[in-house]
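These are my notebook entries on a structure I looked through element by element. I record each item I looked up and what I found.

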Amino acid sequence: MELSTFFQQLTNALSLGSLYALIAIGYTMVYGILRLINFAHGDVFMLGAYFAFYAATSLAMPWWVAFIVAIGLTAMFGMGLERVAYRPLRDSPKISVMISAIGASFLIENVGIVVFGGRPKSFPSIPLFDTVVHLGPVSVLSVSLFIPVITAAILVALLWIVNGTKTGLAMRAVSTDLDAARLMAIDVNRTISMTFGIGSLLAGLGGIMWTMKYPQLNPLMGVMPGLKCFIAAVIGGIGNIPGAVLGGFLLGVLEIMIVAFLPELTGYRDAFAFVLLIVVLLVKPSGLLGKHQAVKV
Amino acid sequence: MKKAILVIVAIAIVASVVGCSKAETKTDANVVKFGVFEPLTGANAAGGAEELDGIRLAQELYPTVTVGGKEYKIELAIADNKSDKVEAANAGQRLVDSDKVQVVLGSWGSGLSMAAGPVFKDAQIPAIGLSCTNPLVTKDNPFYFRVCFLDPFQGTVMANYAYKDVGARKAVIIREVSNDYSVGLAKFFADSFKALTGDQGSILAELNYNTNDQDFSAQLTQVKSLKPDVIFAPGNYTESALIIKQARELGIAAPFLGGDTWEIAEFINVGKQAVEGAVMSAFFDNDAPLTPLSKVFVESYQKKYGKLPSGTAVLGFDGYLLAIDAIKRADSVDPLKIRDAVAATKDFAGAAGYVTLDANGDPIKSAVIKEVKGGKFVFKTTVAP
């Protein structure tokens with residue numbers, strides 16, 4: 001392989017990986033606080049993209065206004081989803097909440113098909129994101145330069161929120177022991193609602209960035225990215241925010257390198273992601289950066 | 001407790017018996033049911049929607065069929081095969097079992113038709129494929145027919161175009177490996193192109209991707225290093241549009257050629273500037289009427305939908321008319337008799353040309369070559385077989 005080709009592939013890998021990382025952060029945050037795998041995360045991601053699409057086309061908003069409105073709406077939707085689908089099951093076994101999450105996921109997808117239609121929609125081109133940048137022999141879409149910056153900014157902001165603010169303290173308390181947190185006068189419902197709001201906000205942002213790179217929307221667009229980013233979160237250690245970023249990058253690099261070095265195995269690209277998930281769960285279930293937690297029986 | 005269960009079971013049995021008898025009385029004696037077997041959601045949704053538009057238009061123009069002096073109302077039973085091969089078999093089964101259709105129309109996408117083929121064969125219900133071009137759809141299936149040309153012809157047409165019009169001597173193929181249509185068409189193109197160039201190495205590489213993939217940068221970076229004269233990328237319109245867009249972003253300037261699945265509004269909407277100059281084979285052109293019915297179709301389509309017909313809508317229209325024609329010739333609504341009448345189709349004049357079915361149930365039709373120019377599909381030439 002020529003050097004320029006290698007660098008191009010590396011760029012491809014990093015730009016895909018940073019996108020995975022961005023979406024995986026939201027996944028892992030909700031899990032870290034609530035111990036709930038929010039299977040509807042991918043569908044909230046899809047909604048974020050559609051909200052931005054309708055705000056930018058039907059309501060003719062400038063793109064940055066459309067993005068802010070869409071992200072706000074997605075965050076509100078996430079909080080609403082928590083209230084309707086998860087809060088009534090707060091005292092039920094964890095498995096009930098997970099099943100409810102799967103149900104919510106299917107519901108959103110199918111309502112999406114009815115409301116948005118099955119035919120794919122195309123996001124209008126935004127010159128700031130849709131320009132090709134040449135860095136020596138390597139060419140890259142400008143949005144791919146923004147995504148790692150956004151991912152890094154979000155990572156720093158989240159770490160600050162969780163570790164440096166009162167809300168974050170409440171989140172960590174809820175995560176450690178929900179009942180004890182309630183006894184310490186922490187408003188548990190509000191804290192969980194906040195967590196979902198932030199998680200969904202990140203999903204919305206991820207959905208918008210995804211459509212900037214792959215400008216095609218359909219109601220099932222969140223399924224595969226949702227699964228891939230779940231895998232990324234597990235690889236990094238689910239619940240661990242820097243781990244999600246690491247997992248996202250690893251998955252992106254691996255996917256691109258498989259296609260680049262073993263072209264005959266391209267058809268199994270998605271399968272590799274799932275094999276990786278199984279291997280991680282067998283060898284190091286807590287993930288690369290996750291801590292092993294002893295469970296008291 | 002046991003008593004309660006017994007009562008519930010008894011009620012369930014009674015209810016199911018009543019339900020059955022109700023369903024039977026519901027079957028109107030003067031209705032013939034056409035099953036529409038199309039992808040209305042998922043990756044191929046736009047293709048299915050276009051064919052359904054064509055079928056609906058035909059139904060509006062020709063809502064009844066007369067058999068044995070009695071007028072039958074035609075009803076559509078629509079089953080969504082969700083662009084998924086597993087779902088396709090289920091959707092086919094549903095049309096056969098619960099909708100009890102007499103004829104099936106569809107599907108867009110050869111792989112979906114192939115998945116449901118055995119279902120129709122076992123149920124002995126004739127199926128008329130609309131734009132499924134893979135030879136295996138009708139092969140060894142006496143109940144599957146079609147109203148479109150086949151991939152061996154289409155592959156040859158595009159290989160000729162690549163060799164003569166583009167002047168290409170080295171080609172790269174990018175195919176959707178999980179899609180029978182794409183893999184088949186890629187093979188026929190490769191065979192013809194190798195024969196034309198007389199060079200076994202003229203296909204530099206065959207690269208794969210999966211349905212619903214969004215990122216093709218790894219494959220395209222390889223294409224860039226191979227420096228082909230032309231790229232043949234048959235596949236679903238959404239993935240193809242993204243492939244071409246990402247190829248242009250990487251600085252690949254070679255022209256892209258594709259098959260009939262590209263001619264759909266979404267291809268241009270998603271690909272925008274990047275798909276300018278993409279060339280594909282297609283079934284029909286609005287400005288090149290093939291039969292007296294072509295004009296009727298274009299005009300009534302425009303009136304009903306307020307836009308010019310595109311892509312495969314015309315084949316949905318033709319499939320519906322062929323089914324009516326066969327019912328009239330059979331003078332029966334019995335699926336087996338309809339099947340025999342469809343098999344005997346000769347010089348049937350559809351909107352997209354004349355159809356004469358051979359022993360396999362395939363017609364011989366000419367292809368149209370189109371190019372994307374100024375955000376539209378522009379007619380280039382017609383190629384006769």
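Which residue just after helix 4 of chain A takes a positive phi? I looked up the backbone there and found Gly117(A), with a phi of about 85°. I note at the outset that the model is predicted.

**Entry 1: helix 4 of chain A**

I next checked the length of this helix, which covers residues 94–116. Its 23 residues should span 33 Å at 1.5 Å a residue, and I read 32 Å between the end C-alpha atoms, so the two values agree. I then listed its buried residues: Val97(A), Ser100(A), Ala101(A), Ala104(A), Ser105(A), Ile108(A) and Gly112(A). An α-helix has 3.6 residues a turn, so residues three or four places apart point the same way. What covers these buried residues of helix 4 of chain A? I found that the cover includes helix 2 (41–57) and helix 3 (63–86) of chain A.

**Entry 2: helices 10 and 11 of chain A**

I looked up how helix 10 (residues 241–261) and helix 11 (residues 269–283) of chain A are set against each other; their axes come within 10 Å and cross at roughly 135°. That angle makes helix 10 of chain A oblique to helix 11 of chain A. The crossing is right-handed.

**Entry 3: where chain A touches chain B**

How many residues of chain A are in contact with chain B? I found 28 residues of chain A in contact with 30 residues of chain B. On the side of chain A, the elements giving two or more residues are helix 1 (3–34), strand 3 (138–141), helix 10 and helix 11. Helix 1 of chain A provides the largest share, five residues. By class, I recorded 13 nonpolar, eleven polar and four charged residues on this side.

**Entry 4: backbone of chain B**

Gly106(B) and Ser107(B) are joined by a cis peptide bond, with omega about 15°. I placed Ser107(B) in the loop between strand 4 (103–105) and helix 4 (110–123) of chain B.

Lys82(B) is not a glycine, yet its phi is positive, near 55°. I located Lys82(B) in the loop between strand 3 (70–80) and helix 3 (85–97) of chain B. Is Lys82(B) buried or exposed? I count Lys82(B) as buried because 23 other C-beta atoms lie within 10 Å.

Lys272(B), also a residue other than glycine, has a positive phi near 50°. Lys272(B) lies in the loop between helix 9 (265–271) and strand 11 (279–282) of chain B.

**Entry 5: Phe348(B)**

I found Phe348(B) in strand 12 (residues 348–350) of chain B. Phe348(B) counts as buried because it has 20 C-beta neighbours inside 10 Å. Leaving out residues up to four places away in sequence, I listed its contacts as Leu322(B), Asp325(B), Tyr354(B) and Val355(B). I also looked up Val279(B), 69 residues from Phe348(B) along the chain; their C-alpha atoms are separated by 30 Å.

Notes
Residues are numbered from 1 along each chain as its sequence is written. Chains are lettered from A and ligands numbered from 1 in the order in which they are written. This is a predicted model: local features need pLDDT of at least 70, side-chain atom pairs count only at pLDDT 80 or more; totals for chains, interfaces and linings use all residues. Axes are lines fitted to C-alpha atoms, for helices over the stretch in contact, and angles run from 0 to 180 degrees between N-to-C directions. Helices (H or I, at least four residues) and strands (E, at least two) are DSSP runs, numbered from the N terminus. Angles under 35 degrees count as roughly parallel, over 145 as roughly antiparallel, 65 to 115 as roughly perpendicular and the rest as oblique. A crossing is left-handed if the near helix is turned anticlockwise from the far one by less than a right angle, and right-handed if clockwise. Two residues are in contact if their C-beta atoms, placed from the backbone, lie within 7 Å. Ala, Val, Leu, Ile, Met, Phe, Trp, Tyr, Cys and Pro count as nonpolar, Asp, Glu, Lys and Arg as charged, and the others, Gly among them, as polar. The expected span of a helix is 1.5 Å times one less than its number of residues. A residue is buried if 20 or more other C-beta atoms lie within 10 Å of its own, exposed if 12 or fewer, and partly exposed in between; C-beta atoms are placed from the backbone.
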